Amino acid sequence: MKNARTYQFASKPSIVSTAVAVGPLEKQSPFLPHFDLVYDDERFGQETNEKGHAYLIEETCKLAIMKGGFQTTDIDLLLAGDLVNQITPTNFAARELATPFMGMFSACATSISTLITASFFLESNLMERVLFGSASQHNSVEKQFRYPIEYGAQKPPTGQWTVTGGGFGILSHFQRDKPYVHSATIGKVVDCELKDPLDMGSAMAPAAFDTIQYHLSQNKGTSYDFVMTGDLGKNGSALLQELIRTSGVSSYLVDQYRDAGAEFYGNNDKFLSGASGAGCSATVYFGPIYAELLKKQWKKILFVATGALLSPLSFQQGESIPCIAHAVELSMD
Amino acid sequence: MISTIIIAFVVGGLVCVVGQLLFDVAKLTPAHTLSLMVVIGSVLDGFGLYEPFIDFAGAGATVPIMSFGNSLTHGAMAEAEKHGLIGVLTGMFEVTSSGISAAIVFGVIAALIFKSKGKVS
Amino acid sequence: MDAKAYQQTVEQLAPKRPVLRNCLAAFLTGGIICGIGQIISFIFMYFFPFTERTSSNPTVATMVFIAMVLTGLGIYKKIGQFGGAGSAVPVTGFGNAVISAAIEHKSEGFILGVGGNMFKLAGSVIVYGVFSAFVVALIKTILVQVGVINW
Amino acid sequence: MKKFWSISCVLLLIGGCSARPQVTSYHVEDNQQEIEKLETVMANQEKISEGSAVFFNDELVVTIQVKPLSKFSKEKITKSFKKEVESIFPDHKVFVSSDLKISWELNKIIEDQADKKKVKKELDELQALAKEET
């Protein structure tokens, strides 16, 4: 079992409830009907962007708990993260929720890395219910990673738009009518020495490819409704498709492939290459896709969330952008 | 007067095209591009070329950020002409600071009245 | 995976920056801003005792004021996305950099936030403007004193 | 775009290439001879589009407008023109400016044709303004 990377979960931990909340701009998303909470204020009525970010996480978590018919005290662990320095919005939301809490950071792949970790806790049978997920708020993320919101910098066509939104779910023991985690692959950091912070999709595509390739090799013969990456954007997903095509891993994947970031804002060119952020994969996976799984529209989906593990400091020091991708295979019987 | 405005339009536009080429072809960040342009303005003034350029293009030469390098250098040189080497240091902000002081004053005022909005452009 | 080979793939597949369109937009945007600057300086000359030379200072200040209003209303970043360098190179772009940083960091208070971060983006312009002015003036002063050139 | 260029070309032509400079002048003592002398000097200047002059006692204040496309060497043109005028009026204290504002102000003085005292004051103010650097 050493260095296996891919793990099968025999106990079939199920996602029993989810909640998704987004900001005002996300009303343009074709996924809008599947968002539980849509706010008109990008700061969620709070004084600062960061406070709004924390509020978004808190409210989404509360809703996920409520929709599952639980109390906060039923949650054994909150496992979550965001993109702001030291994940303070998540920390502050955890303070309000007062559940046992562990913070995680895998950049935009946090939605899936928390789900994988939660699956292990469930598999060990020591925990009953784990609340997992991630969120991002456009303004606070831009402030940290790029320019002030009102600064008139021209973004190149490879640029992406950080989603304001959060997606959280509760993982519990197997339930027949809920989608369950069949298997998961933990990513390795892949670095193709790209340095452009306004072209994250290109940097992350090889990491996604690496994880997908490994996962498929460990689950030979499985057929998926589709594979969905987190936030490669239009540019990054075109690159990933090219990588899959040229490597000959599995040609059918080229058609059965989707990207949450590329689809998030529809075909609006103003969002350039598409959406990104920890909230992008979380809202799409645990909102619309989860809903379709519940309806048994689809049976088997491979979620591959990608994250660019850079900081403003690291790219100013001339470091390249290391990336990671974590995969979870969700099934519905 | 109209010819002056047209010249300002054309020259200012061309200066910005140079900036755009630095963005797109040389792949410089805005901060790098603007710093470079200020240095160019300063060097041009060293050769005595920026003042004639202002005479020719008016606002086409004074509005782009290059003129900032020009006026700093101009101040330093004017003072150096009078007081020798030490004037190089003391004269720098003599001629101009209106851009900087306006930016500071209006920056604080803006911080007092405005809040940022994350709207897509 | 071979990083070099992948970088080539990225180059091939990357959406090309529309350089020509961007240059045209920069020309128009920058030209209009400078044209407006010229009109403002005519106004200063006509109604106030400013000459062609001295009118540039109040003009620059007025342009920065306009930049403040446009930045605060969220319009400048739209102009920026369209015009690129056309809105960044004029002094209004400098104003936008300072003012947007000031607004952005208001949440950290007026001393450490606004005061400390105002020149986060535009500071390098001042730093290298001053430094290059120093070097250029120094070289010229020395050359004049040695007698190679005249003022 | 084509339209724009053709319009701007026409405007540049109109603004830049009219053959002889227009000259307005005012002589406080009404010495037509001196005025004519100055006008002939100006008429020979190819790079100047407009000129105004005020004679006041031994002072001669002249403003010129350099043609748009020659403005790059405005400073030089002004200097050489000043020398020329000085050589013709050696007994006058000659002041020449190519600044638009100064020429507007001088034209106002010419139009007003005010009394000596006022003209003196206005001319002094004008020259002080022209010397300002910032």
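**Group meeting talk: four chains in a predicted model**

Let me begin with one residue of chain A, A:Lys12, which is placed in the loop between strand S1 (6-8) and strand S2 (14-22) of that chain. Please keep in mind throughout that this is a predicted model. The phi angle of A:Lys12 is near 50°, a positive value in a residue that is not glycine. Is A:Lys12 buried, partly exposed or exposed? With a relative accessibility of 28%, A:Lys12 counts as partly exposed, since that class lies between the limits of 20% and 50%.

A second residue of chain A also has a positive phi without being a glycine: A:Asn125, at about 70°. A:Asn125 is found in the loop between helix H3 (110-123) and strand S6 (130-136) of chain A. Its relative accessible area is 56%, and A:Asn125 is therefore exposed, the cut-off for that class being over 50%.

Strand S8 of chain A covers residues 165-172, and eight of its eight residues are buried. In a regular strand, side chains alternate between the two faces of the sheet. For S8(A), both faces are covered. On one side the buried residues are A:Gly165, A:Gly167, A:Gly169 and A:Leu171; on the other they are A:Gly166, A:Phe168, A:Ile170 and A:Ser172.

I now turn to the contacts between chains. There are five pairs of chains in contact, and among these, chains B and C share the most contacts. On the side of chain B, 76 residues take part, meeting 69 residues of chain C. Together the two chains bury about 5,900 Å², with carbon and sulfur atoms giving 77% of that area. Three residues of chain B deserve mention here: B:Phe9, B:Val63 and B:Phe114 supply 11% of the area that chain B buries against chain C, more than any other three residues. Chain A and chain D, by contrast, do not touch, and their nearest C-alpha atoms are 24 Å apart.

That brings me to chain D. Its secondary structure consists of five helices and four strands, which follow the pattern α-β-α-β-β-α-β-α-α along the sequence. Chain D has 134 residues, of which 44% count as buried. Taking the contacts in chain D with a separation of 6 or more, 63% are between residues 24 or more positions apart.

S1(D) runs parallel to strand S2 (residues 48-56) of chain D, and six bridges join the two. One position to look at is D:Gln22, which stands opposite D:Glu50 in S2(D).

I close with helix H5 of chain D, residues 116-131. This helix has 16 residues and reaches 23 Å from its first C-alpha to its last, close to the 22 Å expected at 1.5 Å a residue. Which residues of H5(D) are buried? They are D:Val119, D:Leu123, D:Leu126, D:Gln127 and D:Leu129. Seen down the axis of H5(D), these buried residues fall within an arc of 155°, so they line one face of the helix. They pack against S1, S2, S3, S4 and H4 of chain D. The face of H5(D) turned away from that buried side carries the exposed residues D:Lys117, D:Lys121 and D:Lys131.

Definitions and conventions
Residues are numbered from 1 along each chain as its sequence is written. Chains are lettered from A and ligands numbered from 1 in the order in which they are written. This is a predicted model: local features need pLDDT of at least 70, side-chain atom pairs count only at pLDDT 80 or more; totals for chains, interfaces and linings use all residues. Side-chain values use heavy atoms; hydrogens and water are left out. Two strands pair if DSSP finds at least two bridges between them. The expected span of a helix is 1.5 Å times one less than its number of residues. Buried means under 20% relative accessible area, exposed over 50%, partly exposed in between (1.4 Å probe, protein chains only). The arc is that of the directions from the helix axis to the C-beta atoms. Contact means heavy atoms within 4.5 Å. Buried area is the accessible area (1.4 Å probe) that two parts lose on being put together, summed over both.
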